[in-house]
Amino acid sequence: MRLVVSCACALALLWPAAAFAQEPPPKIGPFVVDLHGTVPRFPEDVTLAGSRAMTLAELPGSGLGIQIGLHLYLAKWRAITFGVGGEFTSGRATQTPAEGATGRAATETFRCLSPQISFNFGNGNGWSYISGGISRSVWSLVPEGQEPFPSDSEYLKTINYGGGARWFAKPHLAFSFDVRLYAINPGSPYLGFPGSPRTTLLIVGAGVSVK
């Protein structure tokens, strides 16, 4: 996962801005709104399964979600435009055992609302970025027929970091993508079960941006 994000950040730094017949090119910003569909890759970990009295085969794995962001661009220094903003991300995965298989169906969710700072490269026709922030998230994993543990509503310290790019085919509408890692603190133990492990959740998103 770290390799994926490293490649995305390198692409964000090196990808050239889209070439438009306009001199001089417009500045980045002053704001942008992102709306992405996402694919969260939930971990398949024995410790995670044990924290909810589950088996490894009952863990859902990959899912689907959304990512909404708002970013403001405040100042430029040489090739870097500095931005501040925030992002909400929500992902969900479900797993239903095949007919005749043992195990329970389960639902796994992740929600995080985080401030972010960003370093942006390019111009208003298209730019790449690297960004990150610190906040808290809720990571829930509940098998069918089992009451949620307190850990399923626990707020966990989470650091997110990653990168992406936006290409404006029209003056105010762009295609954009984002690759992001969420480093989530361990959860608290409950009734003799271990807490959820420290983990890094990979979320890949793509969609549109409006400025």
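**Terms and their grounds**

Modeller: Let us begin with Arg166, which has its place in strand β6, residues 155–170. Please bear in mind that this is a predicted model.

Colleague: Why is Arg166 called buried?

Modeller: Its relative accessible area is 2%.

Colleague: What makes the pairing of the side chains of Arg166 and Asp34 a polar contact?

Modeller: The two side chains are joined at 2.8 Å. The cut-off for a pair of N or O atoms is 3.5 Å, with one able to donate a hydrogen and the other to accept it; the pair of Arg166 and Asp34 therefore qualifies at 2.8 Å. The side chain of Arg166 also makes a polar contact with that of Tyr73, at 3.2 Å. Leaving aside neighbours within four places in sequence, the residues in contact with Arg166 include Val32, His71, Asn120, Trp127, Phe175 and Ser209.

Colleague: Why does Thr94 count as partly exposed?

Modeller: Thr94 has a relative accessibility of 45%. Exposed requires over 50% and buried under 20%, so the 45% of Thr94 falls in between. Thr94 is placed in strand β3. Residues up to four places away in sequence aside, Thr94 touches Pro60, Ala106 and Thr107. Thr94 and Ala106 are twelve residues apart in sequence, while their C-alpha atoms are 5.7 Å apart in space.

Colleague: How do you know that strands β2 and β3 pair?

Modeller: Strand β2 (residues 64–77) and strand β3 (residues 80–95) are joined by 13 bridges and run antiparallel. Within them, Ile66 stands opposite Ser90 in β3.

Colleague: What kind of barrel do the strands form?

Modeller: It is a closed barrel of eight strands, in the order β1-β2-β3-β4-β5-β6-β7-β8, and the pairing is antiparallel. From one strand to the next, the twist averages 25 degrees.

Colleague: Which residues touch the most other members of the largest nonpolar core?

Modeller: They are Phe110, Tyr182, Ile184 and Leu201, in a core of 16 residues. At least two residues each come from α2 (46–51), β4 (106–123), β5 (126–143), β7 (173–184) and β8 (199–210). Strand β4 gives the largest share, three residues. Another core, of six residues, lies apart from this one and includes Ile28, Val32, Tyr73 and Ala174.

Technical notes
Residues numbered from 1 in each chain as written. Predicted model: local features only at pLDDT ≥ 70, side-chain atom pairs only at ≥ 80, totals over all residues. Heavy atoms only, no water. Pairing = 2+ DSSP bridges. Helix = DSSP H or I, 4+ residues; strand = E, 2+ residues; numbered from the N terminus. Axes fitted to C-alpha atoms, helices over the stretch in contact; angles between N-to-C directions. Core = buried A, V, L, I, M, F, W, Y, C linked by side-chain atoms within 4.5 Å. Buried < 20%, exposed > 50% of the residue type's maximum accessible area, 1.4 Å probe, protein only. Contact = heavy atoms within 4.5 Å.
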